[in-house]
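Me: I have a structure open and would like to talk through some of its details. Shall we begin?

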Amino acid sequence: MSAFPTGNSMDPWKTQLSQYVAAATYDTLTHIDADGTVVPWLATSWDYSDATTLVMELRTDVVFTDGASFDAEAVKSNIEYAKSVTPSNVAAQPYLSYIQSVDVVSKSKVRFNLRAPQPDLPYGFSQQAGWMVSPTALKNPKTLADTPVGSGPYVLDKSGTTTNKTYAFTQNKNYWAAAKWSRFEKLVVQLITDPTASNNAARSGQLDYTIVSAGTEINGWKIAQGSASAFFGFTIFDTSGKISKPLGDARVRQAMNYAVDRKAILKSVLDGQGVTNASTPFGPDSLGYSRNIDSYYTYDVAKAKRLLRQAGYPNGFSVKVLNNPQWDQMAQALAGYLRKVGIDVQLSNHGDDFVQQVNSGKWAMATGLLSVTGLPYSDFTFTMTKSSSMNPLGNSNPKVSALLAKAVAASGAEQKRLYAQLAEYAAEQAWYVIPALSSQLHAYNPQVVKVVEPARAGAPMLYHLRPVGAE
């Protein structure tokens, strides 16, 4: 049915093969509706009793494929396993890191005790932080690498599965939500990393849904664009100058941003798919968004050089940048612009051990790709505080933290104003060199697949894909 990037395990709490592989067999606590609203799924309702306590009511009619019951104990087991397992699911950890402990209130009620306010946790539970695995299977987690045990819509068909290549699924005949979710009789997820191979597979009828690049045409297919939600470019880890002294000066980081032609990169590297960005995790879907922030950094080589002189680096400097070869086109483009103002960017490629290198704390900068949700509290927390997965040096900024604390406690126009102020201050601090928020294109055969395009999402979830003709 579809083609997606590869990973290394079917355990949803580890680094994954594909979200779509996990979603075939595992349910999440919440879902995202077509308008982008968080709605009940395994959790039927939720409420914050205070800023750091989230209480969820749970379904009582859900059974995992091994016969274990879904209940509050199952939720507790999953969260505790997910927070301790290695290598962890890096997409889930930013939300899970807020959970200090989980209490079983009753079989159908669970309480999450948070170490700090996190108003967006129900949204996180609709993503990779919300998978639920059988608590029985979690007692022997090694088996989850190739044998998923969930309560989801499909079950793995091992006879049609080739590890790290093709994963076949048939319907879970005892699925609790069969009446809520029209499913395909058979689902096959192919892990294809080469875009040309993916496009050829679609044209030959081997696929019915896939991710595509700009300019792709497949006869009879529809091409759709997700929201601009990929925060893609250089991450500056060393904002205190411990590894590379120049990066500790905000003027240097600002110079790096003025040195980059954002519009040109949006066109040449991202094929025009996205919106220019001022190196902040803040886009058109974010509360408090203003177009003014997107033009914060104009392309101004003279100003970039002037800022470098003022900071004491008239001849520039040299910096080593950790790079994932998968993102090399963006890295090369940014490096080219920075070299023009005297910053000698030395790219060091690491593919299989990229995450380990990030976590090593040895690098001043790296190429990175993060997701922006449009929820500014989470987006700023996960990119500009110690909670960020791309912050191995543990940087923090008192003003960022103060504005976040004020914003999460505010409401209405005041909250909007505070998030706008935070976005402008973040641009000034320049922890990133991000030329644009990019959007993803997906393509599908409308004779086979009906797609519900969710608002404020980069791409549909598996449950947004339905067989044509189904209710």
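Me: Which residue is the bridge partner of Leu54 in S7?
Reply: The model is a predicted one. In S7, Leu54 has Phe112 as its bridge partner.

Me: And how many bridges do S5 and S7 pair over?
Reply: Five bridges join strand S5 (residues 53-58) to strand S7 (residues 109-114), and the two pair in the antiparallel sense.

Me: In what order do the four strands of the open sheet come?
Reply: The order is S4-S5-S7-S6, with antiparallel pairing. Strand S4 (43-50) and strand S6 (99-106) are the edge strands, each pairing on one side only. On average, neighbouring strands of this sheet are turned by 20 degrees against each other, direction ignored.

Me: What holds paired strands together in general?
Reply: Strands of a sheet pair through backbone hydrogen bonds, in either a parallel or an antiparallel arrangement.

Me: Which strands does H2 lie across?
Reply: Helix H2 (residues 72-84) lies across S5, S6 and S7. Relative to S6, helix H2 runs at about 165 degrees.

Me: Changing topic: where is Gly233 found?
Reply: Gly233 belongs to strand S13, which covers residues 230-236.

Me: Is Gly233 buried or exposed?
Reply: Gly233 counts as buried, because its relative accessibility is 0% and the cut-off for buried is under 20%.

Me: What is Gly233 in contact with, leaving aside neighbours within four places in sequence?
Reply: Its contacts are Met330, Leu334, Ala366, Thr367, Gly368, Val433 and Ile434.

Me: How many residues apart are Gly233 and Asn395 in sequence?
Reply: Gly233 and Asn395 are 162 residues apart in sequence, and their C-alpha atoms are 19 Å apart in space.

Note on methods:
Residues numbered from 1 in each chain as written. Predicted model: local features only at pLDDT ≥ 70, side-chain atom pairs only at ≥ 80, totals over all residues. Heavy atoms only, no water. Pairing = 2+ DSSP bridges. Axes fitted to C-alpha atoms, helices over the stretch in contact; angles between N-to-C directions. Contact = heavy atoms within 4.5 Å. Buried < 20%, exposed > 50% of the residue type's maximum accessible area, 1.4 Å probe, protein only.
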